[in-house]
Amino acid sequence: MRENARPVLTRFGPDTRFELRPTPPFPFRTIQENALERLKNRLLRDTLFELPDARLNADVRRAANEAAAVAWETRYPLLVFPALFEEKTRNVLRHAERQVSIRRRSLELLTV
């Protein structure tokens, strides 16, 4: 130790207190994402149950994922998703009907 070192007297002021607010374990967007996923699964389950043809399952699931992706980019995804999902599902069903019609006409042309 140095010989010319002088001890420094320390004085402490009053204790400073502050309030800690607990942060949620995950951000709000995660909560909203989970709610959107639950809504998507519920609507998808109901729609798949009512489908006339099980071969359309993959297309309807794809439509649900696309609708969820588009809805997620909006300000109110939970509000927008059902309408987007309905529209995309309608397009899938319309496309499937058109494909059946085209196949039927093609078979008629081949048999003639």
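Colleague: Is Glu66 buried, partly exposed or exposed?

Modeller: Buried means under 20% relative accessible area, exposed means over 50%, and partly exposed lies in between, with a 1.4 Å probe and protein chains only. Glu66 has a relative accessible area of 38%, so Glu66 is partly exposed. This is a predicted model: local features need pLDDT of at least 70 and side-chain atom pairs count only at pLDDT 80 or more, while totals for chains, interfaces and linings use all residues. Residues are numbered from 1 along each chain as its sequence is written, and side-chain values use heavy atoms, with hydrogens and water left out.

Colleague: Which residue forms a salt bridge with Glu66?

Modeller: A salt bridge is a side-chain nitrogen of Lys or Arg within 4 Å of a carboxyl oxygen of Asp or Glu. Here Lys88 is the partner of Glu66, with 3.5 Å between the closest N and O atoms. Lys88 belongs to helix α3 and Glu66 to helix α2, so this pair ties together parts that are 22 residues apart in sequence. Helices here are DSSP runs (H or I, at least four residues), numbered from the N terminus. Lys88 is partly exposed, at a relative accessible area of 24%.

Colleague: How many salt bridges does that rule give?

Modeller: The count comes to five. Another of them joins the side chains of Asp59 and Arg62, at 2.9 Å from N to O. Both residues lie in helix α2, three residues apart, about one turn of the helix. Asp59 is partly exposed at 30% relative accessibility, and Arg62 is partly exposed at 45%. A further bridge links Glu86 to Arg90, with the closest N and O atoms 3.7 Å apart. Glu86 and Arg90 are four residues apart in helix α3, which means a separation of about one helical turn. Arg90 is partly exposed, at 41% relative accessibility.

Colleague: How many aromatic pairs does a search of the whole structure find?

Modeller: Rings of Phe, Tyr and Trp (its six-membered ring) pair if their centres lie within 6.5 Å; planes under 30 degrees apart count as stacked, over 60 as edge-to-face and the rest as tilted. The search finds one pair. The rings of Phe81 and Phe85 have centres 5.7 Å apart and planes at 20°, so the pair is stacked. Phe81 and Phe85 sit four residues apart in helix α3 (residues 77-111), about one helical turn. Both are buried.

Colleague: Which residues does Phe81 touch, apart from those up to four places away in sequence?

Modeller: Contact means heavy atoms within 4.5 Å. On that basis Phe81 touches Leu36, Leu39, Lys40, Leu43, Ala64, Ala67, Ala68 and Ala71. One of these, Lys40, is found in helix α1. Lys40 counts as buried because its relative accessibility is 9%.

Colleague: How many residues has the largest nonpolar core?

Modeller: A nonpolar core is a set of buried Ala, Val, Leu, Ile, Met, Phe, Trp, Tyr and Cys residues joined through side-chain atoms within 4.5 Å. The largest one has 19 residues, and those with the most contacts inside it are Leu44, Val60, Phe81 and Phe85. Two or more residues each come from α1 (28-50), α2 (57-72) and α3. The largest share, seven residues, is from α2.

Colleague: Which residues are in contact with Thr89, leaving aside its neighbours within four places in sequence?

Modeller: They are Thr47, Val60 and Ala63. Thr89 lies in helix α3 and is buried, at a relative accessible area of 7%.

Colleague: What about Leu93: buried, partly exposed or exposed?

Modeller: Leu93 counts as partly exposed, at 27% relative accessibility. Leu93 is found in helix α3. Beyond its neighbours within four places in sequence, Leu93 is in contact with Leu51 and Leu56.

Colleague: Which residues lie nearest the centre of the largest pocket?

Modeller: On a 1 Å grid over the protein atoms alone, a pocket is an open set of points where a 1.4 Å probe fits, with protein on both sides within 12 Å along at least five of seven lines; lining residues have an atom within 4 Å of a point. The largest pocket is lined by 17 residues, and Leu56, Asp59, Val92, His95 and Ala96 lie nearest its centre. Helices α2 and α3 are the elements that give two or more residues to this lining. The most, nine residues, come from α3. The volume of the largest pocket is about 330 Å³, taken as the space filled by probe spheres set on the points, with grid points joined across faces, edges and corners.
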